[in-house]
Amino acid sequence: MTSVTPRVLTLIAELTYRCPLRCVYCSNPTQTSQTAEPLATRDWLRVIEEAEQLGALQVHFTGGEPLLFSDLEQLVQSARRLDLYTNLITSGVPLSRNRLESLQKAGLDHVQLSFQALSDSATYRITGTNKLEQKLQVARWLNELELPFTINIVLHRENIDELSGMLELAESLQPHRIEVANAQYLGWALVNRDRLLPSFEQLARARELAVAARERLMGKTDVLFVLPDYYAGRPRSCMQGWAQSYLLITPDGLVLPCHAARDLPGLEFDDVRLAPLAQIWAESPALGRFRGSEWQPEPCRSCVERSRDGGGCRCQAFALSGDASAPDPTCSLSPSHHLVRTARQQAERPVSTPLQLRRAPQARPMH
Amino acid sequence: MNVRLDQRPRLARAARLRLDAQTHSYILLSPERGLLLNDSATEVVLRCTGELTIQEIVDTLFQASTPEQGLSHTTVQEDVLNLITALHRRNLLFFEVP
């Protein structure tokens with residue numbers, strides 16, 4: 001553990017696990033039953049205030065679908081009063097123009113709107129429903145209201161061949177940013193990996209399209225492209241380090257370092273209702289477990305690149321090798337990298353395994 | 001992407017400047033980003049309101065500099081143009097149409 005407690009920069013508020021879409025790549029946990037009652041609005045207001053005191057500059061309202069949280073406006077208003085940059089990460093469902101206007105009045109800075117696919121068939125396969133028309137409507141409202149937004153496209157084998165058309169559509173909606181982010185293979189994306197991981201060739205083509213869009217739109221719309229770890233050779237600096245600058249609160253109040261960590265065995269994450277956030281951030285044994293570099297095994301420990309990626313993603317290490325403290329297997333220097341190579345080889349041959357639509361983690365049974 | 005001295009830079013709607021209590025510096029916030037500005041960058045960004053031309057910003061900052069800083073007009077102009085170009089490329093700053 002490091003002796004100096006790092007500064008929180010971003011609060012990720014997962015307001016609910018409920019969602020009208022059932023995306024096959026969802027980053028929500030696949031197994032967990034929720035252990036406690038959902039946080040109440042007053043708890044969220046306290047969390048936002050205490051995160052700001054710890055240094056947070058940004059808050060992401062996400063889920064599930066954060067629009068299903070009825071007091072969202074109140075949370076936005078409170079965050080904005082503390083001068084936090086407020087970002088809504090949403091499917092755009094369910095949303096009316098009126099509600100969008102009241103969110104804007106509450107001080108919402110930015111909306112990140114997800115697009116899954118263009119064709120009806122792909123959209124159904126990926127989300128279990130088709131809300132494309134609603135999403136286009138939301139994008140038009142955002143433009144009318146001059147509310148800055150990002151179009152977020154999560155890329156995988158089921159939509160990668162539609163990317164050209166999706167970029168064209170996204171461009172026509174005049175967003176502030178277009179983010180083409182490959183699925184990372186955790187949560188539901190890992191469950192469905194055999195169907196979702198693209199081939200090397202598909203990925204290379206997608207990257208060319210994104211780079212071309214980036215050149216074409218420079219100075220108008222920022223275009224980002226994020227590789228899947230499986231093809232990157234080196235791991236991402238996941239969350240910029242375990243419990244370093246990101247702090248995530250689950251719908252039932254757990255304080256986590258990232259979206260997936262609650263499924264790691266042997267770690268007891270704290271309920272934010274039971275102690276001040278500052279105390280949990282500084283003293284939680286679970287947050288301390290992989291903070292800094294003391295925990296790192298070889299070859300990470302003596303690697304010249306260790307400060308760049310911090311050993312990669314703990315959840316990915318656990319999901320693939322069964323050991324959360326192992327080097328991230330997506331790193332070509334990891335002893336378990338053959339697992340990733342095998343997955344890539346399989347991605348060269350299309351498979352017909354059925355896709356599993358996401359199910360929300362079960363709510364705690366009522367007493 | 002040519003930036004001209006007669007253009008009037010203005011921060012993008014998605015970008016917001018705020019003072020940071022922990023570092024006592026200004027931070028330029030945008031979606032998922034925060035850019036910690038040093039004092040001279042802050043002086044430039046505070047003037048990107050769509051009212052002043054880049055030339056006017058350069059002249060103001062040059063006149064406000066002290067002899068001890070030893071800055072030439074050319075250096076100030078280069079620094080301002082570099083910063084404004086970088087922010088424009090990242091879509092954080094636009095130019096008012098004259």
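Tutor: Let us begin with a single residue. A260(A) is buried, with a relative accessible area of 19%; buried means under 20% relative accessible area, exposed over 50%, and partly exposed in between (1.4 Å probe, protein chains only). This is a predicted model, in which local features need pLDDT of at least 70, side-chain atom pairs count only at pLDDT 80 or more, and totals for chains, interfaces and linings use all residues. Residues are numbered from 1 along each chain as its sequence is written, chains are lettered from A and ligands numbered from 1 in the order in which they are written, and side-chain values use heavy atoms, with hydrogens and water left out.

Student: Where is A260(A) found?

Tutor: A260(A) is in the loop between strand 9 (255–256) and helix 10 (277–283) of chain A. Helices (H or I, at least four residues) and strands (E, at least two) are DSSP runs, numbered from the N terminus. The C-alpha atoms of A260(A) and S27(A) are separated by 7.0 Å, although the two residues are 233 residues apart along the chain.

Student: Which residues of helix 6 of chain A are buried?

Tutor: In this helix (residues 163–172), they are L163(A), M166(A), L167(A) and A170(A). They lie on the same side of helix 6 of chain A because they cover an arc of only 100° around the axis; the arc is that of the directions from the helix axis to the C-beta atoms. These buried residues pack against strand 4 (110–115), strand 5 (149–155), strand 6 (177–182) and helix 9 (200–217) of chain A. Just after helix 6 of chain A, Q174(A) takes a positive phi of about 50°.

Student: How is the size of an interface described?

Tutor: The size is often given as the accessible area lost when the parts come together. Here the buried area is the accessible area (1.4 Å probe) that two parts lose on being put together, summed over both. Chain A and chain B bury about 2100 Å² between them, 45% of it on carbon and sulfur atoms. Of the area that chain A buries against chain B, L57(A), Y85(A) and H176(A) supply 26%, more than any other three residues.

Student: How many residues of each chain are in contact?

Tutor: Contact means heavy atoms within 4.5 Å. By that rule, 28 residues of chain A are in contact with 20 residues of chain B.
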